[in-house]
Amino acid sequence: MNLKWNELDQRAVTTARILAADAVEKAGSGHPGTAISLAPAAYLLFQRHMRFDPSDPNWLGRDRFVMSAGHSSLTQYISLYLSGCGLELEDLEAFRTFKSPTPGHPEYGHTDFVEITTGPLGSGVASAVGMAMAQRRLRGMFDADAEPGTSPFDHRIYVIAGDGCLQEGISSEACSLAGTQNLGNLILIWDDNRISIEDDTSIAFNEDVLARYEAYGWHTQRVDWRQPDGYHEDMEALHAALEAAKAETERPSIIALSTIIGWPTPEKQDTGGIHGSKLGDVALRGLKEALGANPDKMFDVDEEAVKHSRENAQKRAHEARSQWDEAMQSWRNGNAEAAKLLDRLQAKELPANWEQALPVFEPGKAVATRAASGTVLNALAPVLPELWGGSADLAGSNNTFMKGEPSFLPKERSSQMFSGHQYGRNLHFGVREHAMGAALNGIALEGMTRPYGGTFFVFSDYMRGAVRLAALMNLPVTYVWTHDSVGVGEDGPTHQPVEHLAAYRAIPNLAIVRPADANETAQAWAATLRQRGPVGLILTRQNLPTLDREGDGLGSAELVARGGYVLADCEGDPQIILMASGSEVQYALQAREALAAEGVGARVVSMPCMEWFDAQDEAYRESVLPSAVKARVSVEAGLSMPWMKYLGSDGRAISIESFGEVGSADELFEYFGFTGDNVLKVAKEVLERCAN
């Protein structure tokens, strides 16, 4: 396809460069270099290749764009401005200021057409892999038999990444997975400018990146604007490379674009000094003079060029939208039932009566909550086709496998144990926890399905950065984190996550749910699916007793949705409250029974989710934890820190304030004081202290 690059296009690129420099200069901080030198590449992508509608940021048929080098957010903002996507000149002038639509790094949900929050390097690349996976899954759900490129569910994911993104381990994990998955809908432009904050990347990064990506199974190309006879921004070459990448449908594509950061800024181009600070008066004037612009004006916009680029974007959108609307209507006409499912997913609604599929576990049988979770997943699979996921190579231990469902992988990669095809449902992330977390974010950002991913709770540390971003974006991602405490046993302290409950509860907007038995686990899944934010399900390796709620007069497991509830009570006002989560609830119940035999009224509060409990109204919280009752004991096999807000000055925590030990689960629980007898002992000590 002929590029047809004209003078107005070049003038629009010049405007983009000036705006990038001026925006950072006015803000007093930022990252101008990449936005200046990448201006022509971004313009080409938005004006000639990407499919989007400036009037509709949520159009289902749009291509997705990920600015993985999030520090160069101006590259995206200026592209949106030139395309007429809602940002205006005053928004660029307000760059990096309080409440402006142009923050220092792109933020999902804050600025229209920003598909993902980026900034932590490499995370955007990794999440783009998840987006590509979700697009393929969606196509398989709705239009699996359509010829490539003909379905209204076809779209591409474009990424701009820098050297830092490709140095981070998360991108290596994810890109290896992308090659294994043959994600031909993923196109990555790598800005190979060889500069980072510490200047020349040769001091730490000198590998053959394209050889590495070829080994991953990617389609690789190089466009070198650095030529022996000077710097030439060969737009025809980059255009041809993008066309070749789009034509490659069996492999993800990477284009190494060799640039000079900050070109053509005198003195500062090609140095670390232009990466993350404003140009300063001298360099700014020099840049504008090199571009033929007025060095005495700020935000000097070429109105004719802006008008040209916006009209071009609108024209392309009208043509693409008309073709897509026709294809979508044709699909709807022939797929009435599937169209109903599509409408439900777009509305982010659950099907009627879906809760009836939840299993009810009979009391009297001991069940590990990880096993109960697996039973719940398999019960929900037929009624919630949007639910899918997998594990970081621990499906058998995490119980994340949906039985009878094919694996999501190229058919030729099926193994003796796991068979599947490109549209399967069970995901295999490999031993790549961080990439799994980021990919789950990308899947959720596609907006139509509900992903989950599992690993041992102790290894959740490897994916913490991705989990934090999920919380920041409020994404409906579910983490199945098993082997939750010293109950892991003989594997020893390296595998015993004693500090992780406190650490993950510290992340705002993340719900940590640690159910006490199988029925609490079922209701934890139900509550998770009813909400939109991220949830970590913290599940046991060892069996736990399934409580006889009806026979013993205990609180309903459905109250898990409240976060904390009265599980067992006494007549009249309680003298002491015993609070616990997960496997330790049983010990609180044992202590309550012993206290009752001595005439002491004790209340047991199951606290599976502090975040959900804290979100309840004050009246409910007071009804569960009456402020008049000062005698309180918390029981949890982890750090005591999160419980202090409930314990008050008179309460006491039974906790673990050190790393674990090697031994069986029973030995370790007794060693660390998690027995009914020890809870009884501590409760009596607290009662005595409160009485004096």
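Buried means under 20% relative accessible area, exposed means over 50%, and partly exposed lies in between (1.4 Å probe, protein chains only). This is a predicted model, where local features need pLDDT of at least 70, side-chain atom pairs count only at pLDDT 80 or more, and totals for chains, interfaces and linings use all residues. Residues are numbered from 1 along each chain as its sequence is written, and side-chain values use heavy atoms, with hydrogens and water left out.

**Salt bridges overall**
- The structure holds 36 salt bridges (a side-chain nitrogen of Lys or Arg within 4 Å of a carboxyl oxygen of Asp or Glu).
- One network of salt bridges links E7, R11, D302 and E304.

**K645 and D614**
- K645 and D614 pair through their side chains, at 2.7 Å from N to O.
- K645 sits in helix α23 (residues 644-647) and D614 in helix α21 (residues 610-614), so the bridge ties together parts 31 residues apart in sequence.
- Helices are DSSP runs (H or I, at least four residues), strands likewise (E, at least two), numbered from the N terminus.
- D614 is partly exposed at 33% relative accessibility.
- K645 is exposed, at 52%.

**D517 and R549**
- D517 bridges to R549, with the closest N and O atoms 3.1 Å apart.
- The two lie 32 residues apart and link distant parts of the chain: D517 is in the loop between β17 (511-513) and α19 (518-530), R549 in the loop between β19 (543-545) and β20 (565-568).
- D517 is buried at 0% relative accessibility, and R549 is buried at 11%.

**R194 and D192**
- R194 bridges to D192, with the closest N and O atoms 3.9 Å apart.
- R194 is partly exposed at 33% relative accessible area, whereas D192 is buried at 6%.
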